[in-house]
Amino acid sequence: MGNRGMEELIPLVNKLQDAFSSIGQSCHLDLPQIAVVGGQSAGKSSVLENFVGRDFLPRGSGIVTRRPLILQLIFSKTEYAEFLHCKSKKFTDFDEVRQEIEAETDRVTGTNKGISPVPINLRVYSPHVLNLTLIDLPGITKVPVGDQPPDIEYQIKDMILQFISRESSLILAVTPANMDLANSDALKLAKEVDPQGLRTIGVITKLDLMDEGTDARDVLENKLLPLRRGYIGVVNRSQKDIEGKKDIRAALGAERKFFLSHPAYRHMADRMGTPHLQKTLNQQLTNHIRESLPTLRSKLQSQLLSLEKEVEEYKNFRPDDPTRKTKALLQMVQQFGVDFEKRIEGSGDQVDTLELSGGARINRIFHERFPFELVKMEFDEKDLRREISFANNDPFSAPPQIPSRPARIPPGIPPGVPRRPPPSAPARPFF
């Protein structure tokens, strides 16, 4: 594959990614990565499973991927998987891997089909993979099903944009061949953040399901909607093959045979298929990391110096020092303010997906309950106008009018207290 130093780049970034996930923050560093984007049933899961050579991803109707899955593929002589949240356990049965993904997803999002931006880190060691790191994002959906929130489409879109908007991210846009490329949800989102197509890699699935007499040759030759990194076609297993537990190795052989025998793709067969896609992504991610290293190194050094300076301040720390206590208290108050604001906005990690809370609840009260409560209020318009008129005559809101002759103050009224005008006095207009 090249020199040893280049091969170590992806594992190096994997270690950084694990470290940041463990402490629950990114340290304001955008690590080089490949984000997988596609609509529901576009074939994202099948592409990833073909890379690994195992069935390990949850499947079903509706939104199956409800949390980002950071999938780290590592070449190894032995085959097993491990999760960052239970690193001490090695999974050799990939059915258990699927069950663990489902259980960990439900632990954070609940069972009501809600989504969460908190990722799951999965590392797969296998002799059948190349070093590669991918982030599998929820499939783009249009219509909420079951008990999904009504704005699920916008929630998913916002989450995807959080990942693919970063300049450090390559975008793997997965589109089925039996869909018009102009209507591809994945390519539309990619174009929003990468209008020149410099960071986007196109993947065309389901080439074997196209109508007879049609093909995707112009797309795969990068003529129809050009991307700097081009398009690669793949043929995944059908739903019948998946239900019948068709071996992935056999499916890869059938894929190779399809490209070699199809008249429209025969001349480009060496640039098509899952093995070529995996090799291409490995090379492009490695090159992308190499190009990003100088910026990454300078940011890390800057943050290291800042942390060292902060540590230096605590060298001579005394627990009874009042200035330290004050500083600690101020930091706690500031952090509380940030966390409180996040809860109000609904942008924190601990978002309840079972009932409305924070900003969402306040918004609902003001837009749904408040107008009805306002309408139910009874008042007399004449009295209301009179009270507004009295309020407008407040002596503290405007300079007092000096009468031309001393006013006679009736007994019992203290000086300085304005008198109400007689009932016959005309009130000021409402507007």
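Reply: Strand 3 (residues 80-83) sends Y80 and E82 one way and A81 and F83 the other, and all of them are buried (under 20% relative accessible area with a 1.4 Å probe, protein chains only; over 50% is exposed, and in between is partly exposed). In a regular strand, side chains alternate between the two faces of the sheet. Strands here are DSSP E runs of at least two residues, and helices are H or I runs of at least four, numbered from the N terminus.

Before going on, a word on the source: this is a predicted model, where local features need pLDDT of at least 70 and side-chain atom pairs count only at pLDDT 80 or more, while totals for chains, interfaces and linings use all residues. Residues are numbered from 1 along each chain as its sequence is written, and side-chain values use heavy atoms, with hydrogens and water left out.

Back to strand 3. It runs antiparallel to strand 5 (residues 120-126), joined by four bridges, and F83 is bridged to L122 there. Strand 4 (residues 86-91) also pairs with strand 3 in the antiparallel sense, over two bridges (pairing takes at least two DSSP bridges). In strand 4, F83 has C86 as its bridge partner, and strands 3 and 4 make a hairpin with two residues between them.

Now over to helix 6 (residues 185-193), where D185, A186, L187, L189 and A190 are buried. Their cover includes strand 1, helix 5 (152-164), strand 7 (169-176), strand 8 and strand 9 (231-233), with contact meaning heavy atoms within 4.5 Å.

K206 is partly exposed, at 23% relative accessibility. S41, in the loop between strand 1 (33-38) and helix 3, is another non-glycine with a positive phi, about 65°. S41 is exposed, at 61% relative accessible area.

V47, N50 and F51 from helix 3 meet T274, L277, Q278 and L281 from helix 10.
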